[in-house]
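Subject: A structure for you to look at

Dear colleague,

I am handing over the structure below, and after it I describe what was found. Please keep it open beside this message while you read.

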Amino acid sequence: MDDQAPEEHGELRIEDDRERSRFEVFVDGAPAGFTEYHAQPGLITLLHTEIDPAFEGRGVGSRFVAGVLDEIRARGEHVLPICPFVRAFLQRHPAYADLVAYA
């Protein structure tokens, strides 16, 4: 996945490192954070998200989670949000409610 639209707070790029089971976010080419996941057919469980403190308060986390959820939607999969940051994002953005699977 590659979201390279320029943004006010830097160019954001998201990559899926399937070998490490995590999505990674880069801002202007610099590593800015990741979210770990567990994948099953049709379902991605988002476990834990970290944003480097140098990028906090700039909207990187929210833009990152939105990009991850957009990728999951594009794949036709659902998400089980275990990560508190992702859960909070989903509560604030009901447009993604259709992606949520409940265990």
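Two strands count as paired if DSSP finds at least two bridges between them, and the helices and strands themselves are DSSP runs, with at least four residues of H or I for a helix and at least two of E for a strand, numbered from the N terminus. This is a predicted model, in which local features need pLDDT of at least 70 and side-chain atom pairs count only at pLDDT 80 or more, while totals for chains, interfaces and linings use all residues. Residues are numbered from 1 along each chain as its sequence is written, and side-chain values use heavy atoms, with hydrogens and water left out.

The sheet comes first. Strands of a sheet pair through backbone hydrogen bonds, either parallel or antiparallel.

Going along the strands, β1 and β2 run antiparallel and are joined by 6 bridges, and R13 has F26 in β2 as its bridge partner. The hairpin of these two strands has 4 residues between them, and S21 takes a positive phi near 55 degrees there. Strands β2 and β3 also pair in the antiparallel sense, over 6 bridges, with E24 opposite F34 in β3; their hairpin has 2 residues between the strands, and D28 takes a positive phi near 50 degrees. Strand β3 (residues 30–40) then pairs with β4 (residues 43–51), antiparallel over 8 bridges, where E36 has H48 as its partner in β4 and Q40 stands opposite L43. The hairpin of β3 and β4 has 2 residues between the strands, and G42 in the turn has a positive phi of about 80 degrees.

How do the two helices pack? Helix α1 (residues 60–74) and helix α2 (residues 84–92) meet at an angle of about 80 degrees, with their axes 10 Å apart, where axes are lines fitted to C-alpha atoms, for helices over the stretch in contact, and angles run from 0 to 180 degrees between N-to-C directions. The two helices are therefore roughly perpendicular, a term used for angles of 65 to 115 degrees. In their contact (heavy atoms within 4.5 Å), G61, S62, V65, A66 and L69 of α1 meet F85, V86, F89, L90 and R92 of α2.

Finally, which residues line the largest pocket? The lining consists of L80, P81, R87, L90, Q91, A97, V100, A101 and Y102, and α2 gives the largest share, 3 residues. A pocket here is an open set of points on a 1 Å grid over the protein atoms alone, where a 1.4 Å probe fits and protein lies on both sides within 12 Å along at least five of seven lines, and lining residues have an atom within 4 Å of a point.

With best wishes

Technical notes
Angles under 35 degrees count as roughly parallel, over 145 as roughly antiparallel, 65 to 115 as roughly perpendicular and the rest as oblique.
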